[in-house]
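Reader: I would like to learn how to read a few features of a structure. Please take them one by one.

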Amino acid sequence: MKFRKLLTLASAALLGLPAAPLAAQDMSFDAYLQLLMARARAEGVSEATIQRMTAGLTPNQRVIELDQTQPGSSSGSGYPPLAPYIATHVDNARISGGRREFGNWRTTLSAIEREYGVPGEIIVAIWGHETAYGRVKGGFDLSRALATLAWEGRRRELFSSEWVDLMKVADKGYSRRELQGSWAGAFGNPQFLPSVYLRLATDGDGDGRADIMNNSADALASIANYFRDAGWREGQPWGVRAYVPSGFDVDLYRTDLVAPVCPRVHERHSQYKTAAEWRSLGVQPQRPLADDTLASLFQPDGPGTPAWLLTSNYRVILEYNCSNYYAMSVGLLADEIAR
């Protein structure tokens, strides 16, 4: 029986097909690693890279513990208030750090904005939230972490694919020491997964490499490329503060759309209406917003608290991290950096 499972998984791995779930205890880590290595070879990774990225590789129990304690999607009601989160994530340190880096990279950011259409302050805000402007990038050996997560099996196909993609990144000449990051496989200044790196990492300074680990210009251009790929609309804000008249019933305009991904994030947003339509209902943008701009009303902490009109660019921020708390803090930090 175990041989049949091994043969099935080996065939799937070599062909790059999803394998049936297999509990970690059904196969040793070393045996499963051989399957990952075979898949990497089949997808064109050099033997030298495979060997240097797997030398002495053992499972990381801490990674397994962190993965098994991740909360699932909540189906409950109610949400933590937004204001305390913003107070701790759009603080003086992040604001001053963002303004400093924006100034340091002003010329590069201007060139990136001309090419990609994404404002420099948005790019810098992502950088600040992901790695504190490059200071906190994670110290897990990515080869070990991703191999461990694939072997564990809870999200096997995701992490086995990411491990193979990491080998492809390493094959570009990056050392195992350079390829360190979060326990879940994200790395570099923008915290890309290996698959995202292969698809969207960009050379920002013309040296022929897209080194998001060590080269800030490459990291900033890569974040911009991610946003452009996700549909950022040039010249449109992510959102603006809005005045909501007393007694206004936001629930009357609740959206009927059901989002297939992160539904609890999107269910808190209203229907999309043009800025002109919101104005006619008494909802007034507090910054310029063209009459034909489609926006969703968001008042996360309830009546009488701050509200925003969110454009489609807000949903692009959500593509980076599907959380209203994250997306709002990125947008608000960007506003403070640019102020």
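Reader: Are W127 and Y133 buried or exposed?

Author: Burial is judged by relative accessible area: under 20% is buried, over 50% exposed, and partly exposed lies in between, with a 1.4 Å probe and protein chains only. Both W127 and Y133 are buried. The model is predicted, so local features need pLDDT of at least 70 and side-chain atom pairs count only at pLDDT 80 or more, while totals for chains, interfaces and linings use all residues. Residues are numbered from 1 along each chain as its sequence is written, and side-chain values use heavy atoms, with hydrogens and water left out.

Reader: How many aromatic pairs does a search of the whole structure find?

Author: A pair of aromatic rings is described by the distance of the centres and the angle of the planes. Rings of Phe, Tyr and Trp (its six-membered ring) pair if their centres lie within 6.5 Å; planes under 30 degrees apart count as stacked, over 60 as edge-to-face and the rest as tilted. The search finds 14 aromatic pairs. For W127 and Y133 the ring centres are 5.9 Å apart and the planes stand at 85°, so this pair is edge-to-face. For F227 and Y320 the centres are 6.0 Å apart and the planes at 45°, so that pair is tilted.

Reader: Where in the chain are F227 and Y320?

Author: F227 is in helix α12 (residues 216-229) and Y320 in helix α15 (residues 312-320), 93 residues apart, so to speak a link between distant parts of the chain. Helices (H or I, at least four residues) and strands (E, at least two) are DSSP runs, numbered from the N terminus.

Reader: Which charged end sits over the ring of Y79?

Author: A charge sits over a ring if NZ of Lys or CZ of Arg is within 6 Å of the ring centre and within 35 degrees of the ring normal. Over Y79 it is the charged end of R268, 3.9 Å from the ring centre. R241 lies over the face of W308, at 5.5 Å from the ring centre.

Reader: Which residues of α3 are buried, and where do they fall around the axis?

Author: An α-helix has 3.6 residues a turn, so residues three or four places apart point the same way. In α3, T49, I50, M53 and T54 are buried. Down the axis of α3 these residues fall within an arc of 110°, so they line one face of the helix; the arc is taken from the directions from the helix axis to the C-beta atoms. Their cover includes α2 (29-42), α9 (142-152) and α10 (156-170).

Reader: What does T49 touch?

Author: Contact means heavy atoms within 4.5 Å. Not counting residues up to four places away in sequence, T49 touches M167, A170 and D171. T49 has a relative accessible area of 4%.

Reader: What is the order of the strands in the open sheet?

Author: Strands of a sheet pair through backbone hydrogen bonds, either parallel or antiparallel. Two strands pair if DSSP finds at least two bridges between them. The five strands here run in the order β4-β6-β7-β3-β5, with antiparallel pairing. β4 (272-274) and β5 (284-285) stand at the edges with a single partner strand each, so one side of each has no neighbour in the sheet. Strands β6 (residues 294-298) and β7 (residues 307-310) pair over three bridges, and L297 stands opposite L309 in β7.
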